[in-house]
Every structure is written in structure tokens, then in C-alpha cells.
Amino acid sequence: VVADHAGQTIAGVRAGVGDVEDRTVLDIGARSDPDEIHGAHLGQNDLPLAAARRLVGSRMILGISTENLSQAQTAQQNACNAGPTYIALGPMFPTRTKEKPRLAGPRFAAEAHAAISLPLVPIGGITPENIAELTAAGIVRAAVCAAIISQESPLTQARIFLQKLPP
């Protein structure tokens, strides 16, 4: 779940993206009805950003994961060439959703907020108890998985997150 404040969008499309593992998913996205697939998310070791953008065109959200300021700055520079729509930052906190050898942490979120103009989406281990560390750094959206889907009422939990994000 990519959460911005209630009703907000990223690049004019309701935020909701799938994780990309290979070119096939992007090919499907490039040929699909735009109402069915809104975008894709690339890791640092996935298809290069420029190649992915050529496949999907400008109509789709395209995000890229970053673990440090150098990667985030490179992603922003690529945005001038129709690169990413948003930049994911993480992992912010320990998480069991995806194995990561090191944490990027809230300090990286603060550095990226100061240096990057594209929408930033922190990810990894974000909970209602620690999201304030990110909003204090200027962050206004977050990608959350386990802290929502593990709850008895995911909708209630999502609403709790939205209340903790700046308007």
C-alpha cells in the first residue's frame, strides 16, 4: 500500500504499484488498459530505469528503490530523461517482509527530503509507532505492508496511518 494523505495521488494516478521482477511484467503493463495497471516499481538490480520507461511510456507510474543519497540523486537526475515518478527510500526500519542486510534509516529520509524534489516514499518496517520519525523529517507519504495486512482490520490500520501523515 502506498499511502499519501487520503485521496492524494502521485503523478495524477491513484498510488498503487506492483513490484517488477522482470521485463515481462513491464511488457504487460505497456500493453494493458491504463485503468488496470498504474505502474511498476524497480529495484536497483532490476531492469534499468531508462529501459523500463521506454517500455511503459510516460503514462505509467515508475518508481525506483534507493538505499542511499547517491542512488536517490542519480534517480532524480534520470527523471529529466523521463525516469522515475517517485523514489522509494529504504528500508527505514527492521522488517520481516523483505530481507535487507542494512537499514537506510530515517536519517536517509531526512537527507533525501532536503536534496530531492521528486516524491519520496519511505518503505520498510514502518509502523504507526515509528512513522513520526519520518514525518519529523518532512516525509508526507509511506509504503506500508506488514503493519497493515497483519492486522485484524487492515482498513482501520490504514486509516490510523493516514491520520499520522501531514495533510
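Reader: Let's start with Ile 139: buried or exposed?
Author: Quick caveat: this is a predicted model, where local features need pLDDT of at least 70, side-chain atom pairs count only at pLDDT 80 or more, and totals for chains, interfaces and linings use all residues. Residues are numbered from 1 along each chain as its sequence is written, and side-chain values use heavy atoms, with hydrogens and water left out. Buried means under 20% relative accessible area, exposed over 50%, and partly exposed in between, with a 1.4 Å probe and protein chains only. Ile 139 has 3% relative accessibility, so it counts as buried.

Reader: Which residues is Ile 139 in contact with, leaving aside its neighbours within four places in sequence?
Author: Ile 139 sits in the loop between helix H5 (131-135) and strand S7 (142-143); helices (H or I, at least four residues) and strands (E, at least two) are DSSP runs, numbered from the N terminus. Contact here means heavy atoms within 4.5 Å. With those sequence neighbours set aside, the partners of Ile 139 are Leu 89, Ala 109, Leu 120, Pro 122, Leu 134 and Pro 166.

Reader: How far apart are the C-alpha atoms of Ile 139 and Pro 106?
Author: Along the chain, Ile 139 and Pro 106 are 33 residues apart.

Reader: Zooming out, what percentage of the protein chain's contacts with a separation of 6 or more comes from residues 24 or more positions apart?
Author: The chain has seven helices and seven strands, in the order β-β-α-β-α-β-α-β-α-β-α-β-α-α. Of its 167 residues, 41% are buried. As for contacts with a separation of 6 or more, the share from residues 24 or more positions apart is 56%.

Reader: How do H3 and H4 run relative to each other, roughly parallel or roughly antiparallel?
Author: H3 (residues 69-79) and H4 (residues 105-115) pack at about 30 degrees, their axes 10 Å apart. Axes are lines fitted to C-alpha atoms, for helices over the stretch in contact, and angles run from 0 to 180 degrees between N-to-C directions. Angles under 35 degrees count as roughly parallel, over 145 as roughly antiparallel, 65 to 115 as roughly perpendicular and the rest as oblique. So the angle makes H3, relative to H4, roughly parallel.

Reader: By class, what residues make up the contact of H3 with H4?
Author: From H3 come Leu 69, Ala 72, Gln 73 and Gln 76, and from H4 Phe 108, Glu 111, Ala 112 and Ala 115. Ala, Val, Leu, Ile, Met, Phe, Trp, Tyr, Cys and Pro count as nonpolar, Asp, Glu, Lys and Arg as charged, and the others, Gly among them, as polar. On that scheme, the contact has five nonpolar, two polar and one charged residues.

Reader: What distance separates the backbone oxygen of Ala 88 from a polar atom of the side chain of Thr 66?
Author: Thr 66 belongs to strand S4 (residues 61-66) and is buried, with a relative accessible area of 1%. Beyond its neighbours within four places in sequence, its contacts include Ala 72, Phe 108 and Ala 88. A polar atom of the Thr 66 side chain and the backbone oxygen of Ala 88 are separated by 2.7 Å.

Reader: Is the peptide bond from Gly 90 to Pro 91 cis or trans?
Author: Pro 91 has its place in the loop between strand S5 (86-89) and H4. Most peptide bonds are trans. The bond from Gly 90 to Pro 91 has omega near 5 degrees, and it is cis.

Reader: Which residue's side chain makes a polar contact with the side chain of Thr 85?
Author: Thr 85 lies in the loop between H3 and S5 and counts as buried at 13% relative accessibility. A polar contact is a pair of N or O atoms within 3.5 Å; within protein, one must be able to donate a hydrogen and the other to accept it, and residues adjacent in sequence count only if both atoms are side-chain atoms. At 3.2 Å, the partner of the Thr 85 side chain is that of Arg 53.

Reader: And how far are the C-alpha atoms of Met 60 and Thr 85 from each other?
Author: Met 60 is in the loop between helix H2 (49-56) and S4, and is buried with a relative accessible area of 3%. Met 60 and Thr 85 are 25 residues apart along the chain, while their C-alpha atoms are separated by 8.5 Å.
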